[in-house]
Amino acid sequence: MGRFVFKLPDVGEGTAEAEIVAWHVAVGDTIKEDQHLVDVMTDKATVEMTSPVAGKVVEVHGEPGSMAPVGAPLVILEVEGAGNEKANGASKAARAAPPPVAAKAPEPPPAPKPIAKPSPAPAAKPEPVSTHQDHMPATRKFGDKPLASPAVRQRAQELGIRLQFVQGSGPAGRITHADLDAFIARGPNAPTPGGAQLIQREGEEEIKVIGLRRKIAEKMVESKRRIPHYAYVDEVDVTELEDLRANLNETKRPDQPKLTLLPFIMRALVRVLPDFPQINARFDDEVGIVHRFAPVHIGIATQTANGLIVPVVHHAEARDLWNAAAEIARVAQLTRDGKAGKDDLSGSTITITSLGALGGLVTTPVINHPEVAIIGPNAIVERPVVHNGHIAVRKMMNLSSSFDHRVVDGYDAAQFIQRVKALLQHPAKLFMD
Amino acid sequence: MAEQIKTHVLVLGGGPGGYVAAIRCGQLGLETTLVEADKLGGTCLIRGCIPSKAMIHVAGQFETMRHAAAKPVHGIKLSAAPSLNLADTVAWKETVVAKLNTGVTQLLKRAKVNVVKGWGTMQDGKTCSVKTASGDIEIHADHVILATGSVSTELPFMKFGGDVISSTEALMLDKLPEKLVVIGAGYIGLELGIAFAKFGSQVTIVEAMDRILPLFDKQLSDPVKRWLDKNGVTVHLGAKAKMLEKGRKGSSLVVETSDGKTVELPADKFLVTVGRRPLTEGWGIENMAIDMAGRFVKVDDQCRTSMKNVWAVGDLVGEPMLEHKAATQGEMVAEIIAGHNRKFAPAAIAAVCFTEPEVVSAGLTPDDVQTQGIDAITSVFPFAANGRALSMAAGDDGGFVRIIARKDDHRVLGIQAVGAHVAELSAEFATVLEMGALLEDVAGTIHVHPTLSEAFHEAALRGLGHAIHI
């Protein structure tokens, strides 16, 4: 029998470290070749790591949420044959693992450490060892059976107090005599059995910000920290556009996708952007260079079960309405299914963020750094407006947008949005040279 | 006309549920009458827990001496095999029972409880007629506490009598059966079967389920099974007792084994321990309009029946059929009648088996937490690594302490142990569960060295990932 050390491989260009998201094996498991070992997350995507060999897991390194540098041992397997590590080298690889690259991280992530090792005890079977952190929830969770000593329970019984309603200050939310005193001192407003209909909710939950949520948090801070945002909002009369869209959806061929507003906005952007090259750009502020792009790769902010992800519709300038709609649907679906690849998630030059019917009146979207602009259409509502000298009911939509003031001046941004607005108000122009 | 008695509280049954209720009623100044046909003390004291423990104690001593006669044990060698006069053992056991029975009688007297000896039959919800040696008495009460207990379950095809005995008769034999067949490998059957094996009977156990002690999990019952195998006790699992065949030389039990074969087990005595059932007949339950819950009398968490001021406690009202549950309920009902606000809501009712080795279980088991979908830590510490166990030659019986705690907040949910003398650990287990202790509380309590309880401490440490002695 030999030992096989599975190290975190280079998962993408320039990736120095990856976050461990979830383990799919535990110490003691016997695994097959190609069996799913662990999910790791890089800047762009979650990658499933599979085992190149069959064997028995003897060590796993790194808790979910911790960062592992490329080359760090993730799993040590006991395998048939020689393995790739000398038997007497045992855990040397693990101990000698280089500390995680922490240059860019705001706080140094903990070094990978074994989660569990088989117990050396000869007399008993190894029992699972707790990985519990040294924190105790201050109070019990909603619905938990209240924890209290017999004396406290009896006193509550005599007082006619149901312990379910009493907040416990002890470990694991244990209710003490002092807690009962405090409950009584709160007076007649305190809920009593059969009395109050309104019950105080107690308790709090600690959620570790890991995985995608951490990525989002880091990106948002990065964007807000580096970019001096300013917002610009104008309203757009989309009555004609909505008529056209409804008509196209009614008369479309069955194989054509249903059109939302997004392909129209994308169409408007690709027509206007050539005149505003400073807006279709990425600003590498580390070296002070703005990259202006001829193609328009449009990021589409997409809500998934785990959080916000921005897949990209590449070369929007070369797509007609139908094609753009189909591509939006494709990348959004892949993203929601967690199957979007690196190519689907990178390279955008400008981003659209739309909440559809939830779009509200105005938003101040956060720029998808290192881009310099983001466009956020708000909800379409019917409003009385003065139209051709009369008050008419029109379909109105606000267009909220944010720009990077370092490289896009307000004058340019205003002009840009006005051009987009003009196209959206008279949609025939979207398709005319 | 029968003599008439008026009383505030009538207690029907003088077992642990009834006599404790009566004593507490008396302490609280309630006028109380207790009706019991037999000696005071009930199944537990007269023909259950106490006498069986006395017999088990003697059996253990006898076994040690037998071993020392066969070959030296830890330096002790007996020059001749010990002899047993079971009638004398039973007589000694009776003195223990008598002492406790007298004690209960005096406690009732001190509490000013009026004890009426005779068979009581409820005429309606508040009236009881008692046949006493000196004539009939009719008792009228404001409150009635039913504490009639339970009786051994009979097999329909082999009723008690002759060579077919229940645990009651097994504790009164004046001659050791050469061969004993025990039907039912629950705790009663195993406690007595093991005791008789230690006395020197050739014991065979027949159990319908696929393992012994079916109410405990396999990990807990395995050391007991190991002892049985090692000590020549034959155990037929998954086997059905079919009938008792009476021949000229004696009787045999016909058993269908798990593989479908039929075997005959000849024996001198056939001990039937297939369970106990609440005693719900013969005392006029039919004259009372009280609701049932299956075979038990239905009560709420204050032991109220469906009839006003009629209460019921103990084996009569449900599982677990244990002395300490009955006594707790009896005490509680007395206080409720006296106007206190009480309810029966224990965090745990520990159960023990005086098998070899002993077994104790309190709170949730590994199966329970799995069924309830609780994310739990299960931690085991073996007595093989406990100095006190080794020093009384009890380190190699496969014993251990096991703690189950919730993973997120470490509250202890259940504790089990198997090993020599572990029944005495049940008090700490129950206290920990009642106090709502966490693993950290157990780990933070200094446990005396050298004692078995250190294994409990170490199991808690192990649950926290840092046991010392393993």
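What follows is a chat about a predicted model with chains A and B.

Colleague: How many helices and strands does chain A have?

Modeller: Chain A has eight helices and 18 strands. Buried residues account for 31% of its 433 residues.

Colleague: And of the chain A contacts between residues at least 6 apart in sequence, what share joins residues at least 24 apart?

Modeller: The share is 63%.

Colleague: Now chain B. Why does the length of helix α4 agree with what a helix should span?

Modeller: Helix α4 of chain B covers residues 86–110, which is 25 residues. At 1.5 Å a residue that should span 36 Å, and its end C-alpha atoms are 36 Å apart, so the two agree.

Colleague: Which residues of α4(B) are buried?

Modeller: They are Thr89(B), Lys93(B), Val104(B) and Leu108(B). An α-helix has 3.6 residues a turn, so residues three or four places apart point the same way.

Colleague: What covers those buried residues?

Modeller: The cover includes α1 (16–27), β2 (32–36), α2 (42–47), α3 (49–70) and β3 (114–117) of chain B.

Colleague: What follows α4(B)?

Modeller: Lys112(B) follows the helix, and its phi is positive, near 60°.

Colleague: Which residues other than glycine also have a positive phi?

Modeller: Cys303(B) is one of them, with phi near 65°, and Asn309(B) is another, at about 60°. Most residues other than glycine have a negative phi. Cys303(B) is in the loop between β18 (296–297) and β19 of chain B, and Asn309(B) lies in the loop between β18 and β19 of chain B too.

Colleague: Is Cys303(B) buried or exposed? And why?

Modeller: Cys303(B) counts as buried because it has 28 C-beta neighbours inside 10 Å, and the cut-off for buried is 20 or more. Asn309(B) has 15 other C-beta atoms within 10 Å, so it is partly exposed.

Colleague: Switching to peptide bonds. Where are the cis ones?

Modeller: One of them runs from His369(A) to Pro370(A), with omega near 10°. Pro370(A) is in the loop between β16 (350–352) and β17 (373–387) of chain A. Another joins Glu319(B) and Pro320(B), with omega about -10°. Pro320(B) sits in the loop between β19 (310–312) and α8 (323–337) of chain B.

Colleague: Sheets next. What is the strand order in the antiparallel one in chain B?

Modeller: The order is β20-β21-β24-β23-β22, in an open sheet of five strands. At the edges stand β20 (351–353) and β22 (376–382) of chain B; each has a single partner strand, so one side of each has no neighbour in the sheet. On average, neighbouring strands of this sheet are turned by 10° against each other, ignoring direction.

Colleague: How many bridges link β23 and β24?

Modeller: Six bridges link β23 (residues 400–406) and β24 (residues 412–419) of chain B, in the antiparallel sense. Ile403(B) stands opposite Ile415(B) in β24(B).

Colleague: Which strands does helix α11 lie across?

Modeller: Helix α11 of chain B (residues 426–434) lies across β20, β21 (358–363) and β24 of chain B, and runs at about 10° to β21(B).

Colleague: And the parallel sheet in chain B, what is its order?

Modeller: That open sheet of five strands runs β8-β15-β9-β10-β11. Its edge strands are β8 (164–165) and β11 (234–236) of chain B, each pairing on one side only. Strands β9 (residues 179–183) and β10 (residues 202–206) of chain B pair in the parallel sense over five bridges, and Val181(B) stands opposite Thr204(B) in β10(B). Helix α6(B) packs on the sheet, where it touches β9, β10 and β15 (269–272) of chain B, and its direction makes about 160° with that of β10(B).

Colleague: Last topic. How many residues are in the largest nonpolar core?

Modeller: That core has 101 residues, and those with the most contacts inside it are Val360(B) and Val412(B). Helix α6 of chain B (residues 187–199) gives the most to this core, nine residues. In soluble globular proteins, nonpolar side chains tend to be buried together.

Colleague: What does Val360(B) touch, leaving aside neighbours within four places in sequence?

Modeller: Its contacts include Ala350(B), Val352(B), Ala417(B), Val422(B), Leu425(B) and Phe429(B). A second, separate core of 50 residues includes Val296(A), Leu321(A), Ala340(A) and Ile350(A).

Note on methods. Residues are numbered from 1 along each chain as its sequence is written. Chains are lettered from A and ligands numbered from 1 in the order in which they are written. This is a predicted model: local features need pLDDT of at least 70, side-chain atom pairs count only at pLDDT 80 or more; totals for chains, interfaces and linings use all residues. Helices (H or I, at least four residues) and strands (E, at least two) are DSSP runs, numbered from the N terminus. The expected span of a helix is 1.5 Å times one less than its number of residues. A residue is buried if 20 or more other C-beta atoms lie within 10 Å of its own, exposed if 12 or fewer, and partly exposed in between; C-beta atoms are placed from the backbone. Two residues are in contact if their C-beta atoms, placed from the backbone, lie within 7 Å. Two strands pair if DSSP finds at least two bridges between them. Axes are lines fitted to C-alpha atoms, for helices over the stretch in contact, and angles run from 0 to 180 degrees between N-to-C directions. A nonpolar core is a set of buried Ala, Val, Leu, Ile, Met, Phe, Trp, Tyr and Cys residues joined through C-beta atoms within 7 Å.
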